[in-house]
Amino acid sequence: MNIYELEGALISSTIVLTNLPEYQGPEKIVIRRYSDFIWLHDRLFEKYKGIFIPPLPEKNAVEKFRFSAEFIEMRRQALDIFVNRIALHPQLQQSEDLKTFLQVDEETMERARSQETGIFKKKPADFMQIFKDVQSKVSDAVLGKEKPVEESNPEYEKLKNYIFELEEDLAEAQKHAFRLVKRHKELGQSLSDFGKAIKLLGACEGNSLGKAFSELGSKSEMLSIKLQKEAHNLLMKFAEPLKDYVRAVQSIKATMAERATAFKHQYELAETIKLKEINLDKLMLIRSDKVGEAEIEYRELKVEGEEATKKYEMIVQLMNEEIVRFQEQKTWDVGVAFHELAKGQAQLANEIADAWRSLLPKLEACSSAQT
């Protein structure tokens, strides 16, 4: 499955489906707005509690950057990862919402979104704000600061601490990765400016010195292009993958918040059921005419409590499975990102060294001629 961003639109994507036998035909092309991606993400988040829903790239960007070719490619890559992770997930790939997203035409997709009610009726901007609001409260919810009841589980506490530390470490690494990209771009621009200036200087000189300066300028401009290219590779293959995992950890924290809410709900229901049972026993002892009504209320509440407990236990089970899957995928993805970093830097260093080394004989000859 591949996703290709429509240049100049940014709100639309062309999705090409291949090698998915459960869908209609060997290949299908549909066009999706960014709001459709948010619709899919939100539907999955609401329906698949306990599963880490792949994150979406942020909608907002600096205006002067958001329409650049580089930003378009970054957005395309992030959306590509989003859909592919869902399509490869054993549970999420069975979603009817995914099938709708991948198969229906634009008009049907628009109608599906417009017919939603409740939380699904929100506009794209509202969805992103909801997600941001959830993220801003996740830490307190997970750590139990906003609720009187919290899960007491040493293994889960260890997991929570790991997730929070992982988010901080990934964010720090991502920040420095973008700084590295920026420095490559700046050095590339400086070499380009230097190359132009030294070529002009060479034009003022004659004989071998002018020729050497001209070649020095050409080499500088050539290295500038290589640095700019490597900066782009660093951005797409190293910095952006790290940023994607920062978003992924935030998705995990959102699921943890859902788990905290489910635990609190089933715990409070269990406590309420105990009180109702005590009250029912009292009514039966005094042969109250309210026994029948109390029994019905007690049975209904007990069913609700059992359902809440099952929901919580299902979230726990799914999260345990998801953590294993996340760790395996993270090990692979981050390993690839660092491999790409080392490979690119090694190749760049060799090319820079070879370029400067090739100039040494001519520059040495100029120096010898002056002595």
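The protein has nine helices and three strands. In sequence order they follow the pattern β-β-β-α-α-α-α-α-α-α-α-α. The model is predicted, with a mean pLDDT of 84 for the protein. Of the 371 residues, 42% are buried.

**Confidence**

- A pLDDT of 70 or more is reached by 81% of the residues.
- Over residues 4-11, pLDDT stays under 50.
- For that stretch, residues 4-11, the model has 25 contacts beyond four places in sequence.

**Overall build**

- The accessible surface of the protein is about 20700 Å².
- Carbon and sulfur atoms account for 55% of that surface.
- Taking contacts between residues at least 6 apart in sequence, 74% join residues that are at least 24 apart.

**Nonpolar cores**

- In soluble globular proteins, nonpolar side chains tend to be buried together.
- The largest nonpolar core in this model contains 33 residues.
- Within this core, L170, F238, M256 and F326 have the most contacts.
- Two or more residues of this core come from each of α7 (154-204), α8 (207-285) and α9 (291-370).
- The most is given by α8, which supplies 15 residues.

**Aromatic pairs**

- A pair of aromatic rings is described by the distance of the centres and the angle of the planes.
- The structure holds six aromatic pairs.
- One of them is formed by F37 and F101, with 5.0 Å from centre to centre and 70° between the planes, an edge-to-face arrangement.
- F37 belongs to helix α1 (residues 34-47) and F101 to helix α4 (residues 96-103), so this pair links distant parts of the chain, 64 residues apart.
- Both F37 and F101 are buried.
- Y245 and F326 form a pair that counts as tilted, because the ring centres are 5.8 Å apart and the planes stand at 55°.
- Y245 is in helix α8 and F326 is in helix α9, so their pair ties together parts 81 residues apart in sequence.
- Y245 and F326 are both buried.
- F326 is also one of the residues with the most contacts inside the largest nonpolar core.
- F37 and F101 belong, together with F82, to one aromatic cluster.

**Charges over rings**

- The charged end of R32 sits over the ring of F101, at 5.6 Å from the ring centre.
- K49 lies over the face of F45, 4.8 Å from the centre of that ring.

**Residue Q77**

- Q77 is part of helix α3 (residues 69-88).
- Its relative accessibility is 18%, so Q77 counts as buried, the cut-off being under 20%.
- Beyond its neighbours within four places in sequence, Q77 is in contact with M236, E240 and P241.

Definitions and conventions. Residues are numbered from 1 along each chain as its sequence is written. This is a predicted model: local features need pLDDT of at least 70, side-chain atom pairs count only at pLDDT 80 or more; totals for chains, interfaces and linings use all residues. Side-chain values use heavy atoms; hydrogens and water are left out. A nonpolar core is a set of buried Ala, Val, Leu, Ile, Met, Phe, Trp, Tyr and Cys residues joined through side-chain atoms within 4.5 Å. Buried means under 20% relative accessible area, exposed over 50%, partly exposed in between (1.4 Å probe, protein chains only). Helices (H or I, at least four residues) and strands (E, at least two) are DSSP runs, numbered from the N terminus. Contact means heavy atoms within 4.5 Å. Accessible areas come from the Shrake-Rupley method with a 1.4 Å probe; for residues, only the protein chains shown count as cover. Rings of Phe, Tyr and Trp (its six-membered ring) pair if their centres lie within 6.5 Å; planes under 30 degrees apart count as stacked, over 60 as edge-to-face and the rest as tilted. A charge sits over a ring if NZ of Lys or CZ of Arg is within 6 Å of the ring centre and within 35 degrees of the ring normal. pLDDT is the predictor's confidence in each residue, from 0 to 100.
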